Amino acid sequence: MTAPALPVLDISPLCRDAPGSERDRLARAIADACRDSGFFYVVGHGLDPALLARLDALSRRFFAAPAADKQAIAMRHGGRAWRGWFPLGDELTSGQPDLKEGLYFGTELSADHPRVRADTPLHGANLWPAFVPGLQPVVLAVMARLADIAQRLLTGIARSLDLEPDYFRRHYTGEPTQLFRIFHYPATAREGWGVGEHTDYGLLTLLAQDDAGGLQVKTPRGWIDAPPLAGALVCNLGDMLDRLTGGFYRSTPHRVRGSTARDRLSFPFFFDPAWDAEIVPLPRRAADISDDAADRWDRASVHAFRGTYGDYLLAKVARVFPALHAAVSEQT
Ligand SMILES: O=C(O)CCC(=O)C(=O)O
Ligand SMILES: [Fe+2]
């Protein structure tokens with residue numbers, strides 16, 4: 001395997017009681033990575049490889065099942081919670097059908113949670129496939145671990161911006177919005193993208209991937225591959241860090257090649273601000289907002305956005321799943 005072009009950061013100083021000097025050194029490396037491409041690998045994160053291997057095996061069992069079985073948990077059954085399975089071609093990340101199928105999960109909320117009772121979109125219970133009973137505990141365990149890693153990583157990002165380490169947790173991620181997806185890119189002779197060019201919507205994405213490869217990142221030096229690196233997670237910044245920092249840190253466009261020779265599985269986890277958090281620039285970043293709407297993949301300025309993270313996310317979801325969004329909106 002050739003050495004990856006993206007930096008590899010050992011975040012273990014954030015996961016144990018490391019001396020301040022070690023954390024400062026890591027914060028400087030985080031700042032460099034965030035100022036450059038906004039994509040980096042993390043190691044020393046403590047996610048148990050055996051747990052990931054189990055997730056991989058169970059996911060393969062799910063996707064290998066006939067479509068009729070998978071239909072039992074199709075996203076339309078998830079209603080406004082936006083959970084469940086969607087088939088190949090249903091998601092339009094950048095206006096074109098992606099060559100992937102997938103499972104959507106989020107924070108597990110029961111029917112008596114106030115936001116579920118209020119019919120808040122994207123809130124509710126997950127849908128679990130009865131024919132892969134082991135998936136539920138494994139997905140929930142992986143999500144809990146990734147949330148802890150993301151929260152710690154945000155303390156490093158805060159330090160890299162000269163903020164108090166718990167700045168993000170205090171202001172944005174005390175009650176984070178968390179989305180977890182399992183994507184299957186079947187080997188196909190069809191022309192197209194596995195996922196079209198886009199930026200992620202929230203704060204941080206942590207991605208585990210199998211060894212097939214296909215993820216590509218738009219760096220200041222052009223498109224490069226982000227190949228799998230054993231034991232590492234890929235981390236990238238989302239639109240909300242771009243918005244909060246006035247463009248000092250950017251959400252970086254990326255895409256996934258359509259799989260040709262073999263299938264690919266990936267496991268992105270999105271760690272985002274609280275649903276009702278108002279997203280305004282950080283105190284010392286408001287003065288020098290640099291807008292890049294003209295260069296962005298969707299020509300939409302993240303800096304012109306006003307409102308809560310929930311508003312932002314919902315508008316994005318409506319664009320990538322227009323048919324489902326229309327159907328779900330009609331039910332209300
Ligand atoms: O599958 C991947 O490697 C990336 C997926 C992705 O970019 C996303 O879901 O936002
Ligand atoms: Fe993405």
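**Reading a sheet and a pocket**

Biologist: Which residue in strand 11 is the bridge partner of Gln 216?

Modeller: Arg 255 of strand 11 is the bridge partner of Gln 216. This is a predicted model, in which local features need pLDDT of at least 70 and side-chain atom pairs pLDDT 80 or more, while totals for chains, interfaces and linings use all residues. Residues are numbered from 1 along each chain as written, chains are lettered from A and ligands numbered from 1 in written order, and side-chain values use heavy atoms, without hydrogens and water.

Biologist: In what sense do strands 8 and 11 pair, and over how many bridges?

Modeller: Strands are DSSP runs of E (at least two residues), numbered from the N terminus, and two of them pair if DSSP finds at least two bridges. Here strand 8 (residues 215-219) and strand 11 (residues 254-257) pair in the antiparallel sense over three bridges.

Biologist: Which strands form the open sheet, and in what order?

Modeller: Four strands form the open sheet in the order 6-11-8-9, with antiparallel pairing. Strand 6 (193-198) and strand 9 (222-225) are at the edges with a single partner strand each, so one side of each is left without a neighbour in the sheet.

Biologist: Where does the largest pocket have its centre, judged by the residues nearest to that point?

Modeller: Rolling a probe the size of a water molecule over the atoms shows where empty space is left. A pocket is an open set of points on a 1 Å grid over the protein atoms alone where a 1.4 Å probe fits, with protein on both sides within 12 Å along at least five of seven lines, and lining residues have an atom within 4 Å of a point. The largest pocket is lined by 20 residues, and Leu 52, Gln 209, Ala 230, Gly 231 and Ala 232 lie nearest its centre.

Biologist: Which element gives the most to the lining of the largest pocket?

Modeller: Helix 3 (a DSSP run of H or I, at least four residues) gives the most, with four residues.
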